[in-house]
Amino acid sequence: MTSWRARSIEERNLLNPGFCSVLLWHSALGYASERKVALPIELSFLVLPFVLHRETRESLPRNIKSSLPTWLAEQPIVRTRISERASALRPFTREALVFGGSHGLLSLSAEGVHANAEMKKRVTAGLKPTSDEVRACAKHAEFLGRWLEKAGDSETVMALLGVRP
């Protein structure tokens, strides 16, 4: 990773590990919302590519019952772009996982990424003074977690998106 001071202002604002770890926290929380299972580590690398890109984020289906293959058929460019973005954002996802883990927001285990539910009040309070777009990213990250949990096992999801672990 580039040292913090050497990063551009845009990179420091959009891709800072605190913000990215909050997005991962929301996604892990969404993934565990029904079956109480951890977000597989490999799927955590899809969160930033889906959520940070406005067009992709806004093109997500309205409910979790929409199938991933059907959505991909309706969004033909997304498959290519997600793979490219996942590769480009890999170091930022790693950094966010480490940051979130070291600050008690996330925990990593052999099962995957767990959201620390005790942090809910702090995360919610931290998001209140932010912009509508930041809150939309968090909301969509939680939806993405719920949707990916319904989409099938991580190998299937990754294959459908053309992403390699």
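**Notes on the pocket, a helix pair and a serine**

1. The 15 residues that line the largest pocket divide into eight nonpolar, six polar and one charged (Ala, Val, Leu, Ile, Met, Phe, Trp, Tyr, Cys and Pro count as nonpolar, Asp, Glu, Lys and Arg as charged, and the others, Gly among them, as polar). Please keep in mind that this is a predicted model, in which local features need pLDDT of at least 70 and side-chain atom pairs pLDDT 80 or more, while totals for chains, interfaces and linings use all residues. Residues are numbered from 1 along each chain as its sequence is written, and side-chain values use heavy atoms, without hydrogens and water.

2. Nearest the centre of this pocket lie Gly18, Val22, Leu105, Val123 and Gly126. H2 (17-31), H6 (76-102) and H7 (120-127) each give the lining at least two residues (helices are DSSP runs of H or I, at least four residues, numbered from the N terminus).

3. H2 also pairs with H8 (residues 132-151): their axes, lines fitted to C-alpha atoms over the stretch in contact, with angles from 0 to 180 degrees between N-to-C directions, come within 6 Å and cross at roughly 35°. By class, the contact of H2 with H8 has ten nonpolar, four polar and three charged residues. Among those that meet are Phe19 and Leu23 in H2, and Val134 and Leu148 in H8 (contact means heavy atoms within 4.5 Å).

4. Is Ser44 buried or exposed? Ser44, found in H3 (residues 41-51), counts as buried because its relative accessibility is 0% (buried means under 20% relative accessible area, exposed over 50%, partly exposed in between, with a 1.4 Å probe and protein chains only). Beyond its neighbours within four places in sequence, Ser44 is in contact with Leu24, Leu39, Thr93, Leu97 and Val113.

How values were computed
1 Å grid on protein atoms, 1.4 Å probe; cavity = no way out; pocket = protein on both sides within 12 Å on 5 of 7 lines; lining within 4 Å.
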